[in-house]
Amino acid sequence: MTDAKNVSAGKPKKGGAIYAAPLGTRLPTDAVSSLDGAFKSLGYISEDGLKNKNTPETQTVKAWGGDVVLNTVKEKADHFSFTMIECTNPEVLKMVYGDSNVSGTLAAGITIKVNSSPTQERVLVVEMVLKGGIAKRVVVPQAAVTEVGEIVYKDDGAIGYETTVAASADAEGNTHYEYIKGAGA
């Protein structure tokens, strides 16, 4: 039976929605427990929010004569994309350019070295609030930046880092976890 109460939008949790931490950081296993202190906020995300592309690529096997007799999954990539718009947040810059390529603070001055060094894989946690105060948390145990879109500098828009991360399987074979808990539950 259909129920409109099960339809929702995903709003960012107040105070931050996407957090990053070094690999090996203790992962949350529910929708509401406190995050480990190693998690750092990536600040405001653009109004486009978070996108998750988690689609299997299949291979079709045909019999002689053209009948499809088997569909097998070749791969099931799991990617997340979002645009970080806090362009002076050192945590954002480290996500884009790598920890060793960003130094300093805004007050003292930030230096960014742009080179071909790979960025560090990280743990990501996304915190959302659904309709009715329902908490939703997405946990990516191993995320690697695979793409950063064009960085546009113009007078009528925020500077943003359109970022795509690939989620790799953990020891249990899972690329990400989702936890949902009702308000007051």
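**Buried polar residues and salt bridges**

With a relative accessibility of 18%, Lys136 counts as buried in this predicted model. Lys136 is part of strand S9, which spans residues 134-148. A polar contact of 2.9 Å joins the side chains of Lys136 and Glu178. Residues up to four places away in sequence aside, Lys136 touches Val126, Glu127, Met128, Leu130, Glu178, Tyr179 and Ile180.

Thr83, located in strand S5 (residues 68-84), is likewise buried, its relative accessible area being 16%. Beyond its neighbours within four places in sequence, Thr83 is in contact with Tyr44, Ile45, Ser46, Gly160, Tyr161 and Glu162.

Seven salt bridges are found in the whole structure. One of them pairs Asp36 with Arg26, with the closest N and O atoms 3.9 Å apart. Both residues of this pair lie in the loop between strand S2 (18-22) and strand S3 (40-41), 10 residues apart. Asp36 is partly exposed at 23% relative accessibility, whereas Arg26 is exposed at 51%.

A salt bridge is also formed by Asp30 and Arg137, whose closest N and O atoms are 3.7 Å apart. Because Asp30 lies in the loop between S2 and S3 and Arg137 in strand S9, the pair ties together parts 107 residues apart in sequence. Asp30 is partly exposed, at 28% relative accessibility; Arg137 is buried, at 1%. Arg137 additionally meets the side chain of Glu127 in a salt bridge (2.2 Å, N to O), so that strands S9 and S8 (residues 122-130) are tied together at positions 10 residues apart in sequence. Glu127 is buried, with 5% relative accessibility. Through shared partners, salt bridges join Lys13, Asp30, Glu127 and Arg137 into one network.

Notes
Residues are numbered from 1 along each chain as its sequence is written. This is a predicted model: local features need pLDDT of at least 70, side-chain atom pairs count only at pLDDT 80 or more; totals for chains, interfaces and linings use all residues. Side-chain values use heavy atoms; hydrogens and water are left out. Helices (H or I, at least four residues) and strands (E, at least two) are DSSP runs, numbered from the N terminus. Buried means under 20% relative accessible area, exposed over 50%, partly exposed in between (1.4 Å probe, protein chains only). A polar contact is a pair of N or O atoms within 3.5 Å; within protein, one must be able to donate a hydrogen and the other to accept it, and residues adjacent in sequence count only if both atoms are side-chain atoms. Contact means heavy atoms within 4.5 Å. A salt bridge is a side-chain nitrogen of Lys or Arg within 4 Å of a carboxyl oxygen of Asp or Glu.
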